[in-house]
Amino acid sequence: MSLDERAFFTERPETRQGRYQCPKCRRTGDYSIRWVRRAKKDRPPPGADDGDRAKFAKLRDYLLRLDDEVTCKTCGKKFEIPSQHSLMFVDQLAGLPNDDELEREIAAASGEDEPPPPEEKKPALPARFTRKPSGWK
């Protein structure tokens with residue numbers, strides 16, 4: 001008889017931030033999502049047969065999402081978290097770039113030396129929006 005999958009892993013609860021959009025009010029917010037990190041043990045458990053050892057050699061560390069719904073911080077309605085990321089392998093998370101690195105990479109690929117400072121990003125407003133209003137006529 002083969003062993004249960006949980007005999008090959010150690011489980012540890014974890015909380016990660018996720019950015020989701022409420023389908024009701026269309027506001028985006030950061031939410032705390034509960035996950036379980038399953039880390040592969042350093043050796044197969046006692047009583048494992050040849051099939052279990054082969055299975056153990058192929059296993060990887062992964063995260064399993066526990067929360068399926070979150071409550072919107074703005075309107076208070078519960079909505080379902082998109083399910084395409086309910087299981088994530090830990091080795092795939094390690095290579096994800098952060099936002100600053102991604103912006104520099106995009107700027108380098110487009111031929112720009114470096115992204116413009118934040119004050120230069122906004123275009124100047126046209127004169128019709130900046131002159132003093134004359135009132136109703």
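The tour goes from the strands to one arginine and then to a pocket.

Before you click, note that this is a predicted model, where local features need pLDDT of at least 70, side-chain atom pairs count only at pLDDT 80 or more, and totals for chains, interfaces and linings use all residues. Numbering starts from 1 along each chain as its sequence is written, and side-chain values use heavy atoms, with hydrogens and water left out.

Select 9-21 and 28-40, which are S1 and S2. Strands here are DSSP runs of E with at least two residues, numbered from the N terminus, and two of them pair if DSSP finds at least two bridges between them. S1 and S2 pair antiparallel over 13 bridges. Go to one of the facing pairs: Gln21 sits opposite Thr28 of S2. The hairpin leaves 6 residues between the two strands, and Arg26 has a positive phi near 65° there.

S3 runs antiparallel to S2, joined by 4 bridges, with Arg37 opposite Leu63. On to S6, residues 87-89: 3 bridges tie it to S3, again antiparallel, and Leu64 has Leu87 as its bridge partner.

**Stop two: Arg38.** Pick Arg38 in S2. Is Arg38 buried or exposed? Arg38 counts as buried because its relative accessibility is 14%, and the cut-offs are under 20% for buried, over 50% for exposed and partly exposed in between, with a 1.4 Å probe and protein chains only.

Show its side chain and look for polar contacts (N or O pairs within 3.5 Å, one able to donate a hydrogen and the other to accept it; residues adjacent in sequence count only if both atoms are side-chain atoms). The Arg38 side chain makes one with the side chain of Glu11 at 2.8 Å, and another with that of Tyr62, at 2.8 Å. Tyr62 is also the residue opposite Arg38 in S3.

**Stop three: the largest pocket.** A pocket is an open set of points on a 1 Å grid over the protein atoms alone, where a 1.4 Å probe fits, with protein on both sides within 12 Å along at least five of seven lines; lining residues have an atom within 4 Å of a point. The volume, meaning the space filled by probe spheres set on the points, is about 280 Å³. Select Gln17, Gly18, Tyr20, Trp35 and Met88, the closest to its centre among 14 lining residues. S1 gives the most to the lining, with 5 residues.
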